[in-house]
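Reader: I would like to learn how to read aromatic pairs and nonpolar cores. Where do we begin?

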Amino acid sequence: MSMIELNVNRRAVQALAEPRTSLADFVREKLDLTGTHLGCEHGVCGACTVLLDGAPARSCITYAVACEGAEVTTIEGFDEDEVMIELRAAFTREHALQCGYCTPGMLVSARDLALRLPEADERLIRIGLSGNLCRCTGYVGIVRAVRSVIEARRKRDIAPEPGGGRTILGPVGSGRRVRNGAGQAERAAREPALGDAASEIDSIPEFIPAAVLELNFSIPHPPEQVFAMFDDIATVVACLPGTSLTAPPTPERVEGTIRIRLGPIAATFAGAARVERSETDLSGRIIGIGDDRRSRSSTHGEIRYRLSPLEQGAATRVDLSVGYRLTGMLAQVGRPGLVRDLAARLIAEFAGNLDRRMSGTSLDGAVATELSGVSLVFSLLRARVGRWFGRFSSNKDRAA
């Protein structure tokens, strides 16, 4: 579960939701705003249309976690809206609804047209409403109602709003941190560099993980040596694919970044962590927090480790407990099984790099500068195909 904070109908709300919860389900089930209707649930019929940062959006195919910090307006939030009041009266007057199921989404889209279109052009109105399906009216009354509102507003010298109030290019919601009137230059001026983003984190709070992974690896070096190496934060970071430091590290505070690419999504998390160690039982804990401004994703993570001897103390087993909570765009692709397998591959690469470093081998060019989910996924698929064929062969042998 992820904690989601956003503004709905000019009211700040906060609620827990699964990473794959749609915005439509979120407002209906968590906020009891059932005026947003669900039809096809594939983004085709338009019944679920809401305003996301001032632009119409299909809430059934928009993830709630991707709307962190956004301004959402459902049909219930337009009671005092001048344009919507006119449209509701026109829909009643022109008999533009029958069963009413499509009407909330239709009104949200119609409001956008009433703001944007310079004149009441029937062709442009029909094109603008083509993403909202109605099984009852045949659209004649709907088009008449929208035309009448646009004509009346233009006769009152109410000028159209180019873009319907949109101020930046990109998908709906992509500029949610930028309010009306703020352009790209102002946004860039407000957002600091990645290093500054990490320094903005005042404290590293405790948290309850949404998921916990149990992993382990072994390394052919004594536990005392491995534990001493773990105390060298710069060396540990150098062994992790895609990670780098942005400030001199101390056990109380480590600032850095980690670069991740998973399919079309690239993210650079900038954050801070603190390190805790116990020499008595060769264990430790790392807890951190980070944000990626580009994908609007945030993560909170904790790694607990414990070292135990192998081969009469000549080697070490490292047991890991990795807890995490991920919100934002990357949470949409963060299936637990995929995260577990990717984490296992990451730990395997780290163990190999750590072994080379402790054996005196240079790491130049050996550590990836970006954690690529694509290459990890392909290696994962190869491993799984191998396991499938192994099981198939063993079953075949038993049958024989």
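Author: Begin with a term. Buried means under 20% relative accessible area. By that cut-off, Phe230 is buried, and so is Phe350. Bear in mind that this is a predicted model.

Reader: How is a pair of aromatic rings described?

Author: By the distance of the centres and the angle of the planes. In this structure, a search of the whole model finds three aromatic pairs. Take Phe230 and Tyr305: the ring centres are 5.1 Å apart and the planes stand at 85°, so this pair is edge-to-face. Phe230 sits in helix 8 and Tyr305 in strand 11, so the pair ties together parts 75 residues apart in sequence. Both residues are buried.

Reader: What are the distance and angle for Phe230 and Phe350?

Author: The centres are 6.5 Å apart and the planes are at 35°, so this pair is tilted. It links helix 8, with Phe230, to helix 10, with Phe350, 120 residues apart.

Reader: Which residues form one aromatic cluster?

Author: Phe217, Phe230, Tyr305 and Phe350.

Reader: Now the cores. Which residues of the largest nonpolar core touch the most other members?

Author: A nonpolar core joins buried residues through side-chain atoms within 4.5 Å. Here the largest has 28 residues, and Leu87, Phe91, Ile125, Leu129 and Val146 touch the most other members. Helix 2, helix 3 and helix 5 each supply at least two residues. Helix 3 gives the largest share, seven residues.

Reader: What lies apart from this core?

Author: Another core, of 23 residues. Among them are Leu213, Phe230, Tyr324 and Leu354.

Technical notes: Residues numbered from 1 in each chain as written. Predicted model: local features only at pLDDT ≥ 70, side-chain atom pairs only at ≥ 80, totals over all residues. Heavy atoms only, no water. Phe/Tyr/Trp six-rings, centres within 6.5 Å; stacked < 30°, edge-to-face > 60°. Helix = DSSP H or I, 4+ residues; strand = E, 2+ residues; numbered from the N terminus. Buried < 20%, exposed > 50% of the residue type's maximum accessible area, 1.4 Å probe, protein only.
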